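This report goes through a protein model and its ligand.

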Amino acid sequence: MASSIDIDGAADTLSVTALAQRTSSVLQRLRDSARSARADERREPTFPIGKAAELVGRTPAAIREAEKDGRLPQPPRTQNNRRVGYTLAQLNDMRGLFGTRPWRTGTDPCSVIAVQNFKGGVGKSTLSVHLAQYLAIRGYRVALIDCDSQASATTLFGYVPDLDLTEDDTLYPFLRHDDIESLDYALRKTHFDGLELIPANLRLFQSEYEIAARMARGQANLIDRMAQGIASISDRFDVVVLDPPPALGAISLSVLRAANALVVPVPPTVMDFSSTAAFLAMLDETIETLADRGMAPTLKFLRFVASKVDENKSMQKEMLNLMRTIFGHGIVRTPLKDSAEIDNATARLMTVYELDGPVTSSAVRNRCLAYLDGVNSEIELEVRMMWPSHAARLRKEGRA
Ligand SMILES: Nc1ncnc2c1ncn2[C@@H]1O[C@H](COP(=O)(O)OP(=O)(O)OP(=O)(O)O)[C@@H](O)[C@H]1O
Ligand SMILES: [Mg+2]
């Protein structure tokens with residue numbers, strides 16, 4: 001049904017339906033423009049041999065030798081016989097051959113990380129997607145679950161959520177119907193080998209009401225539904241990353257219940273810091289309430305990330321120092337600075353890891369990659385510390 005709003009009571013009436021259609025078609029044009037690409041046309045990132053060797057954990061010479069003696073296929077070349085970069089799928093084949101896959105063992109728990117803060121716009125989706133892609137590039141098996149009906153993470157994979165996807169492609173059917181046993185139906189491959197996505201679209205918002213209504217009728221265990229869904233797929237993943245909506249609703253609560261690790265992005269501004277204080281107080285209360293029902297989440301790690309940091313602003317520098325004092329080791333050492341490279345990649349509905357060249361300048365891109373890799377590698381270390389098989393090795397190497 002078309003809905004309309006009056007502007008200042010004037011004769012001019014705007015149709016919300018028409019506006020929604022117009023904005024959606026602009027988004028489609030943005031995505032289809034030469035600067036971006038649809039989900040099924042996205043190219044895997046590629047890596048030159050030096051970088052490939054570093055990521056695989058062998059020398060370039062070892063890779064060349066394996067190519068020469070046929071253990072690996074001939075290196076990819078252009079029509080003029082020039083070497084081109086290796087794809088992530090090829091890197092993963094090399095890891096298989098060299099025995100350098102970083103996977104957890106069957107007895108290590110799957111790491112389920114919620115990138116959470118109830119405040120909007122703090123960089124949750126940006127961090128979720130870059131973290132998931134970073135881990136996939138390093139050879140982990142990753143699932144990214146977009147739990148937010150705004151679907152920002154989904155958009156960064158080249159989808160126009162309300163045109164390209166239906167509610168059946170999202171978490172919605174699983175949250176709605178108790179008889180669906182696995183989330184498998186919603187997982188889809190992405191252009192990052194080893195990274196699968198459960199996308200979202202606006203219809204997912206409906207489940208906020210539905211879960212709340214059903215819980216009001218006494219179905220408290222619905223809060224466990226997300227955890228059940230993750231348990232149904234976690235066997236074949238090392239890490240599950242959850243990108244929740246910016247509010248304490250039924251979905252956020254289920255995300256908290258399902259997660260065994262929490263990463264909280266906080267821009268160093270007074271407003272964001274104060275919202276984070278409120279988030280922590282609410283988190284504390286929520287954990288207590290869940291504990292009363294015997295449903296307390298067991299967090300293996302909780303890390304704060306200073307996000308969207310602009311150190312040219314003296315107030316932000318002060319807040320960052322204050323956050324470091326308060327959170328101590330809880331705050332990731334590398335700040336995720338505000339970067340034009342992230343801004344510009346997002347404007348193309350892409351990520352910094354996906355672009356093979358700078359949108360800004362090489363210097364800006366390299367600095368941005370240094371922040372992203374710095375933050376993500378600290379989280380990767382926490383993930384590995386969750387796994388007894390890795391923790392022992394890290395201790396032996398003196399890295400933990
Ligand atoms: N480090 C950064 N540098 C530049 N821009 C950034 C950075 N982090 C996030 N942004 C931009 O800030 C905006 C909000 O980021 P994002 O969507 O990740 O936040 P969010 O917390 O997921 O928001 P919501 O609460 O609406 O889900 C986006 O336009 C994103 O591109
Ligand atoms: Mg978001």
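## Pro297 and its loop

Pro297 is buried, with a relative accessible area of 13%. The model is a predicted one. Pro297 belongs to the loop that runs between α12 (270–292) and β11 (301–309).

Along the chain, Pro297 and Asn260 are 37 residues apart, and their C-alpha atoms are separated by 6.7 Å.

## The ligand site

Ligand 1 is surrounded by 17 residues, and the closest are Gly121, Lys124, Ser125, Thr126 and Ser339. By class, the shell around ligand 1 holds three nonpolar, eight polar and six charged residues. Two helices, α5 (124–137) and α14 (340–347), each contribute at least two residues to this shell. The space that ligand 1 takes is the second largest pocket.

A polar backbone atom of Val122 is 3.0 Å from an oxygen atom of ligand 1. For the side chain of Lys308, the distance from an N or O atom to an oxygen atom of ligand 1 is 3.1 Å. For the side chain of Gln150, the corresponding distance is 3.3 Å. On its own, ligand 1 has 630 Å² of accessible area, and the protein covers 84% of that.

## His130 in helix α5

Helix α5, one of the helices that supply residues to the ligand shell, also contains His130.

One of its polar atoms lies 2.8 Å from the backbone oxygen of Thr126, a residue listed among the closest to ligand 1. A polar atom of the His130 side chain also lies 3.0 Å from the backbone nitrogen of Val352.

Most residues other than glycine have a negative phi. Ala151 is not a glycine, yet its phi is positive, at about 60°. Ala151 sits in the loop between β6 (142–146) and α6 (152–155). With a relative accessibility of 0%, Ala151 counts as buried.

Leu349 is another non-glycine residue with a positive phi, here about 55°. The loop that holds Leu349 runs between α14 and α15 (362–386). Its relative accessibility is 8%, and Leu349 therefore counts as buried.

Where is His191 found? The residue is in the loop between β7 (188–189) and β8 (195–198). His191 counts as buried, because its relative accessibility is 8%. A polar contact of 2.9 Å joins the side chain of His191 to the side chain of Glu354.

Arg384 is located in helix α15. Its relative accessible area of 11% makes Arg384 a buried residue. Arg384 and Arg104 are separated by 280 residues in sequence, and their C-alpha atoms are 8.1 Å apart in space.

Val239 lies in strand β9 (residues 239–243), and at 0% relative accessibility it counts as buried. Val239 pairs in space with Val383: the two are 144 residues apart in sequence, with a C-alpha to C-alpha distance of 8.1 Å.

## Helix α11

How many of the residues of helix α11 (residues 250–258) are buried? The count is nine of its nine residues, and the helix is mostly covered. The buried residues of α11 include the charged Arg257, along with Ser252 and Ser254, which count as polar.

An α-helix has 3.6 residues a turn, so residues three or four places apart point the same way.

Terms used:
Residues are numbered from 1 along each chain as its sequence is written. Chains are lettered from A and ligands numbered from 1 in the order in which they are written. This is a predicted model: local features need pLDDT of at least 70, side-chain atom pairs count only at pLDDT 80 or more; totals for chains, interfaces and linings use all residues. Side-chain values use heavy atoms; hydrogens and water are left out. A residue is near a molecule or strand if one of its heavy atoms lies within 4 Å of it. A polar contact is a pair of N or O atoms within 3.5 Å; within protein, one must be able to donate a hydrogen and the other to accept it, and residues adjacent in sequence count only if both atoms are side-chain atoms. Accessible areas come from the Shrake-Rupley method with a 1.4 Å probe; for residues, only the protein chains shown count as cover. On a 1 Å grid over the protein atoms alone, a cavity is a set of points where a 1.4 Å probe fits but cannot get out, and a pocket is an open set with protein on both sides within 12 Å along at least five of seven lines; lining residues have an atom within 4 Å of a point. A molecule sits in a cavity or pocket if more than half of its atoms lie within 2 Å of its grid points. Helices (H or I, at least four residues) and strands (E, at least two) are DSSP runs, numbered from the N terminus. Buried means under 20% relative accessible area, exposed over 50%, partly exposed in between (1.4 Å probe, protein chains only).
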